[in-house]
Structures are given as C-alpha cells and as structure tokens.
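Have the sequence and the 3D view open as you read.

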Amino acid sequence: MSYKKIQEIIQNREKMTNKQRELWDYIITNASDISILSASQLAKNASVGKATFFRFLKDLGYESYMEFRQDIHNYVNENINSNYWQTHALIKKTEEDKENFLYNSIQEATELLGSLMTIGLNESFNKAVDLIQNSDEIAILGCRTSKQVARYFENILIPLGKKINQISTDEHLIFDKISTMSPNTVLFLIAGWPYSASIVQAGELANRLGIPIIFLANSISCSISSFADVILLIPKLDNRYTVIPFIAVLEAITNDLFSKNHETVSLNLKKIDKNLNKYKQFTW
C-alpha cells in the first residue's frame with residue numbers, strides 16, 4: 001500500500017461508524033506526529049483501547065501498525081511541503097530543462113487530471129451536487145490563491161438561478177456573513193494547502209452553526225476535514241501550486257447542476273443573451 005490508500009480512506013470517511021470516524025479524525029489531524037508514536041501511545045492519545053485500535057486498522061485493510069504508520073508517513077511527506085520548497089524545486093527544474101518547460105507543464109497537468117478519479121472522488125462529487133441542488137443558497141469562500149477560483153465558480157453558476165453568496169471578496173466580513181446565513185445554505189470552501197487561518201476558522205464557525213460544508217481541497221491536513229459534510233479531495237503537484245484540478249471539478253459540478261436544472265438554465269441563458277445583445281456588450 002502507499003499514501004494513496006490514505007487518500008481513499010479520507011474520501012470514504014462518511015462510511016465509517018461514529019466511533020471509527022472520531023478515531024480517524026484524531027489520527028489524520030495529528031498525522032505529522034504518528035511516525036514517532038507506537039501503537040500503544042497512539043491508542044492512548046486517541047482515548048481508545050489498543051485492541052479497538054487494531055480492529056480499526058484491520059477494518060481499514062491493514063495487517064500491521066508498521067504498514068499503516070508507513071503510509072501515514074508517506075502521505076505527510078507527499079502532501080505537507082511548504083510552498084517555498086515547492087517553488088524552489090520548480091525553479092531548479094526550470095533551470096535544468098528550459099526548452100521543454102511548456103511541454104512538461106502540459107504533460108504534468110494532463111497526468112494530474114488523469115489521476116482525479118483514482119482517489120474515490122465520484123461518490124463525494126455526487127453528494128456535493130445533491131447538497132447544492134437541495135439548498136436555497138450557495139455561499140462560496142476561497143482565500144489567498146483560491147480567491148479567484150471561488151470568483152470563477154460564482155460566475156459560471158449564474159445561469160443556475162440559485163442565490164449565490166460570494167464571501168471571498170472581503171475577508172474582514174467573512175464571519176459576519178457566515179453568522180447571518182439562512183438555515184438552508186451550503187458553504188462551499190475552496191482551499192489549496194497550506195490553508196489560511198481564515199478558511200479554517202470559517203469552517204469551524206459554519207460547523208458550529210450547523211451549516212453544511214463542502215470542502216474542495218488538495219490536502220486534508222486541517223481540522224475542516226474532520227467536520228466537513230463532503231470532502232472533494234483532489235491531487236496536487238509536488239513541485240508547484242496549480243488550479244487546474246480545482247477548475248476541472250468545479251466545472252464538472254456546474255455541468256451536472258445545469259443538466260439537472262436544464263429548463264431553468266436554458267431560460268436564464270436566453271434572458272442573459274437577450275440583454276447582453278440589447279446593451280451591445282459583445283462585438284461579434
């Protein structure tokens with residue numbers, strides 16, 4: 001097994017029992033420390049018996065704690081690296097292979113998109129679409145490098161005709177807006193690791209208020225993962241940050257919603273097109 005197994009477990013977290021989920025949430029929240037803990041120490045820290053802990057590992061498909069700990073270690077190494085070192089690696093690679101940079105970048109992006117469906121994304125994708133479909137309002141939040149991705153998601157959703165609350169535009173008002181959300185709102189968080197304090201705190205507040213959370217992210221190394229209703233976990237490049245998988249998933253969600261609401265979307269698109277032409281907003 002490899003750290004990909006850990007990603008699959010994360011993606012299928014909702015299938016666990018409540019007690020299993022509590023144990024798993026403790027483990028993944030403290031993933032960076034597990035490599036120095038024995039099975040007994042980890043079980044004690046997680047407030048479960050050693051026998052319970054080993055039954056849990058067996059349910060996850062592990063025959064030994066050593067195997068599990070190695071996968072956690074590999075996951076941490078692959079998914080928790082600073083932006084500085086990612087950028088440093090990219091610069092070094094660029095210097096070594098300047099002539100093929102365009103080709104290599106496109107190839108990396110293609111391989112990344114090809115790996116999207118290898119981490120159990122489909123089931124969570126359907127849950128996310130259903131949550132949005134059954135909500136009265138979509139609140140969207142992305143901070144720092146994810147802010148423009150959040151704005152893009154808002155823009156392509158417009159023909160859906162559903163109320164959209166973009167709370168990424170002013171980070172000083174995030175908590176004000178979450179505090180006054182209507183009961184049937186779904187909060188869509190978009191974040192690339194490392195996560196800002198604002199995105200984590202916003203998730204914690206929404207959870208405390210009982211607001212459903214969809215979390216689109218390229219790592220689960222934060223507390224949001226333990227209480228999000230749906231986690232859309234996407235792969236990331238080791239040597240640089242990219243929005244490509246974020247955009248791919250958001251466009252797929254939008255297309256699915258448009259298909260489910262085709263009559264409303266078609267009518268809204270006609271209205272939009274009519275008014276854009278009336279006010280000469282495009283030159284063909």
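Two rings of Phe, Tyr or Trp (its six-membered ring) make a pair if their centres lie within 6.5 Å. Planes under 30 degrees apart count as stacked, those over 60 as edge-to-face, and the rest as tilted. Keep in mind that this is a predicted model.

**The aromatic pairs**

Searching the whole structure turns up 6 aromatic pairs. Take Y65 and F68: their ring centres are 6.5 Å apart and the planes meet at 40°, so this pair is tilted. Why are these two about one helical turn apart? Because they both belong to helix α5 (residues 65-79) and are 3 residues apart there.

Are Y65 and F68 buried or exposed? Buried means a relative accessible area under 20%, and here is how each residue comes out:

| Residue | Relative accessible area | Class |
|---|---|---|
| Y65 | 8% | buried |
| F68 | 0% | buried |

Ring pairs tie Y65 and F68 into a cluster with F53, F54 and Y62.

**The wider protein**

Zooming out, the protein has 14 helices and 5 strands. It runs to 284 residues, and 46% of them count as buried.

What about contacts along the chain? Among contacts with a separation of 6 or more, 71% are between residues 24 or more positions apart.

Notes:
Residues are numbered from 1 along each chain as its sequence is written. This is a predicted model: local features need pLDDT of at least 70, side-chain atom pairs count only at pLDDT 80 or more; totals for chains, interfaces and linings use all residues. Side-chain values use heavy atoms; hydrogens and water are left out. Helices (H or I, at least four residues) and strands (E, at least two) are DSSP runs, numbered from the N terminus. Buried means under 20% relative accessible area, exposed over 50%, partly exposed in between (1.4 Å probe, protein chains only). Contact means heavy atoms within 4.5 Å.
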